[in-house]
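Could you walk me through this structure in my viewer, one selection at a time? I would like to know what to pick next and what is there.

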Amino acid sequence: MFISVISAGTQPEEPLDPIGLFVTRPQDGEVTVGGNITFTAKVAGESLLKKPSVKWFKGKWMDLGSKVGKHLQLHDTYDRNNKVYTFEMEIIEANMTFAGGYRCEVSTKDKFDSSNFNLIVNGKMNSWHLWHSDTLIPFCRGEAKSESQSDVDVWEILRKAPPSEYEKIAFQYGITDLRGMLKRLKRIKKEEKKSTGWRAVFIPNICVHILFFVSSSNINISWTAARYKTKGKNSLFRYIFEAIGNKRILTINHCSLADDAAYECVVGEEKSFTELFVKEPPILITHPLEDQMVMVGERVEFECEVSEEGATVKWEKDGIELTREETFKYRFKKDGKKQYLIINDSTKEDSGHYTVKTNGGVSVAELIVQEKKLEVYQSIADLTVKARDQAVFKCEVSDENVKGIWLKNGKEVVPDERIKISHIGRLVLTLKLYLKIIFSAFAIEPPKIHLDCLGQSPDTIVVVAGNKLRLDVPISGDPTPTVIWQKVNKLLFESEGRVRVEMHEDHCVFIIEGAEKEDEGVYRVIVKNPVGEDKADITVKVIDVPDPPEAPKISNIGEDYCTVQWQPPKYDGGQPVLGYILERKKKKSYRWMRLNFDLLKELTYEAKRMIEGVVYEMRIYAVNSIGMSRPSPASQPFMPIAPPSEPTHFTVEDVSDSTVALKWRPPERIGAGGLDGYIVEYCKDGSTEWIPALPGLTERTSALIKDLVTGDKLQFRIKAINLAGESGAAIIKEPVTVQEILQRPKIWLPRHLRQTLVKKVGETINIVIPFQGKPRPKIIWMKDGQTLDSKDVGIRNSNTDTILFIRKAELHHSGLLDLEPKATGFFHVSSADKPGPPQNIKLVDVWGFNAALEWTPPQDDGNAQILGYTVQKADKKTMEWYTVFDHYRRTNCVVSDLIMGNEYFFRIFSENLCGLSETAATTKNPAYIQKTGTTYKPPSYKEHDFSEPPKFTHPLVNRSVIAGYNTTLSCAVRGIPKPKIFWYKNKMDLSGDAKYRMFSKQGVLTLEIRKPTPFDGGCYTCKAVNECGEAEIECRLDKILSTGMEVYLQIVHCG
């Protein structure tokens, strides 16, 4: 059966991913059996604060991080110039089970991305293959089993295996969906007969083809998907069935989640099936949420954009999932790829962090809800108008929804035909008042200017920049006077333009359209006629909003706060600056958030509630009675980062006459700024001047301070440094005196060296012996009282240990090694070789089909314990040797099952740790097995007396033991009747001493000495007594070494 996925058209090149983390994604690969291949993934690190986490998977769930070894290696590097992380997965000596689909997942603090790729192994296909195309939107995977190429049936193995072996089988045969297989295995009710002529290969794409080969082109088949039968009509759009020769093809167009099923092909009683898995791709967040600041009662709308239209997302507030409540406070909206969260009538309780989550990403934004506070930006100004002219009073407030009430002399003004009240544009309330005045007739008189301020200090008229200034100056005189306006000796007579003069019979008008700062000054009006002249000075002052302040400066940056400082604007607009407004935004955002609603009176402000590791910018507004200035330039971008906490466990490790060794552990809290290193300082006791102990920073957690003065008392402290600055100081409580501390030499013998160390000839010997002592003791190695030759062995000494190194052990290295100074360690070195052959082999008796042999132990045991004997026999005719007994422990045996009429020779090898002896002891005369029918006349003999005096078959061995550890003395004895056993130490009976325990089993005698001390040394005797006699054997226990003072090294030569 072949399963393949064929693209409906030519696959386009993989587009660049502007959203994901990958710079280069792993590509599909192909390798032959036994070859090597490397998959590479590159991740952009320019916007990452720390190294991303990368995992490699095979199939759905197999994490390859635990499979690193001979055939799989994972590597990662970082290019500092290009700021790119490179991750590699190397497959070594690939085999067919390595084929399949793989996945690389990379994740950071707030982002996630994954990439699928495939490995094709060319060769004899005997396992399942997984192929995947990056252009496929749904993820498809097929599994099938080759039935004709191998005798291995994975379904049968899983059916018979215990549950504890499932994971091992899955890894051995490359099963990528073990859980799915086990579920389907439970649904199989009977063993189905499956065809042996179908194979399977799967390549997923938009169009899926399932291909079977049958033995005959006339065979009709039926298709089954999951629990229903597919309809065999070619007219269906989704399923297309084809029969081309011996091929049977099922085509699924536009594969979707509904096609995730098991597909089965049935031909008579034969069945074969495969499985198709369809998985949705991860939904990525292409445009994240942005922070917002609103007033109470306003509508809030969070917006984000995802990679798929109509995708399902999850909204949370402070970690709690949001749902549509009965009041419809939260409303969720989808518009193509855009997702919205709408909050109607926001309240203070709605402040917090809002999160949108998909299966491929997370985005967080902060909402700040402030209470409204009404402010008057422009108050009512006094007006002087001419009769019948219009008077307009204006008042500007901060909220356009506020309705104002106009009062005249404490009474509310009611609008009518003459008085109109309107709410115009952005927060402006106007009052228009039409006045009527009746004029009287005047007589002929000299020119006169009728101003209220004449004869007093110059009148000052204040106008807001941008507003229109109209000065109506009543004049009188007969004949009608001539009016002249001037400013700083400059005549103003234009009748058109921004600054102009209008002449009327009884008054003149001076107009400035859109007042500017340059219009400030003293204006003089002069009236003349033949009778005389009059003049008056009018001062005009133009007020405006302040200039924008300079860019604020950021200082004292902490974990979630910073201090903002700024200077007053160079020009305050002619009015005192009432305060300042501060705004903040994330560097990559376009939305500015207001940090204060009450005006700031000071020139500094501590901004809080920022997220550590996020880059921010600040700007400032200046506010006076006229309004708010334009914003200042943005501050330099900054990142809230806190310095680390102080290092922990700061202690003194060692002190000498001129050095002090210090050690410590990293801080408990490092933060987003990482850790650049440590600075170590010291000062003399009683002084306050701290001196750097090391040049620059150190990244280690230990330091050796050199070139100190002997006898000085010093205080030491250490600080951790990162991008945010220094941490608090960790200080040693007591002053340290720079002086060598005397310490007697002492050797710490490792536990594994407190017993005999056996090494074979040619092996490497590497013995490490720790020691202590101040000043540093001189180490001398000796063997049998002579200093070791440095040419033959290697000796390396450090401040804390000494190493004896022998590259290839030889027999002459055996002996007693002595380690000085005299807190010594002894090393008993002995060599061993293969043993000699047994001695005195005798053919004791032959009867029936049996032959009895007897021998004595070899004269040369090879300096090692005899572990047993190997007995062989050979027919005299062929002389081919066959083993009868091996590892035989006794020195006599009976060889049975011999063939009647043949003659046999026997030979015996001895065996120890190094192996069998080079030669064997062979019987001189053959053993003849007589044929049946031969008259046998048994010899006449007296009844055999089996009585035997005691005889020790295995002697006691002299011992040297370690004090404090139980030891045993063993030997073997035989005798008939069974002898009685007595143990003595220095001729003293040990029967009543509780420190000793005696054992006797199968003729093996054992004396156990509990926790021996140097006083337990001496001569130990074992005595066996029966009615036929007695026997004694003794040994010496003369070296009871203290714990940690003795090592036995036995070198064994194995030929």
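Start by selecting Lys468, Arg500, Glu502 and Glu513, which are joined in a network of salt bridges. Keep in mind that this is a predicted model.

Next, pick Arg25 and Asp113: their side chains form a salt bridge, 3.2 Å from N to O. Arg25 sits in the loop between strands S2 and S3, while Asp113 belongs to strand S10, 88 residues apart. Both Arg25 and Asp113 are buried.

Now move to Lys357 and Glu316, whose side chains meet in a salt bridge at 3.4 Å, N to O. Lys357 is in strand S26 and Glu316 in strand S22, so the pair ties together parts 41 residues apart in sequence. Lys357 is partly exposed, at 32% relative accessible area, whereas Glu316 is buried, at 7%.

Glu583 counts as buried at 12% relative accessibility, and Arg619 counts as buried at 17%.

Switch to the surface now. Lys60, Arg179, Lys183 and Lys186 form a positive patch. Lys186 lies in helix H3 and is exposed, at 76% relative accessibility.

Finish with Val758, Leu867 and Leu913, which make a nonpolar surface patch of about 220 Å². Leu913 is in the loop between strands S72 and S73 and is partly exposed, with a relative accessible area of 43%.

How values were computed:
Residues numbered from 1 in each chain as written. Predicted model: local features only at pLDDT ≥ 70, side-chain atom pairs only at ≥ 80, totals over all residues. Heavy atoms only, no water. Patch = residues over 30% accessible without salt bridge, like charges linked within 9 Å, V, L, I, M, F, W, Y side chains within 5 Å. Areas by Shrake-Rupley, 256 points an atom, 1.4 Å probe, with all protein chains shown as cover. Salt bridge = Lys/Arg side-chain N within 4 Å of Asp/Glu carboxyl O. Lys, Arg positive; Asp, Glu negative; His and termini not counted. Charge placed at Lys NZ, Arg CZ, Asp CG, Glu CD. Helix = DSSP H or I, 4+ residues; strand = E, 2+ residues; numbered from the N terminus. Buried < 20%, exposed > 50% of the residue type's maximum accessible area, 1.4 Å probe, protein only.
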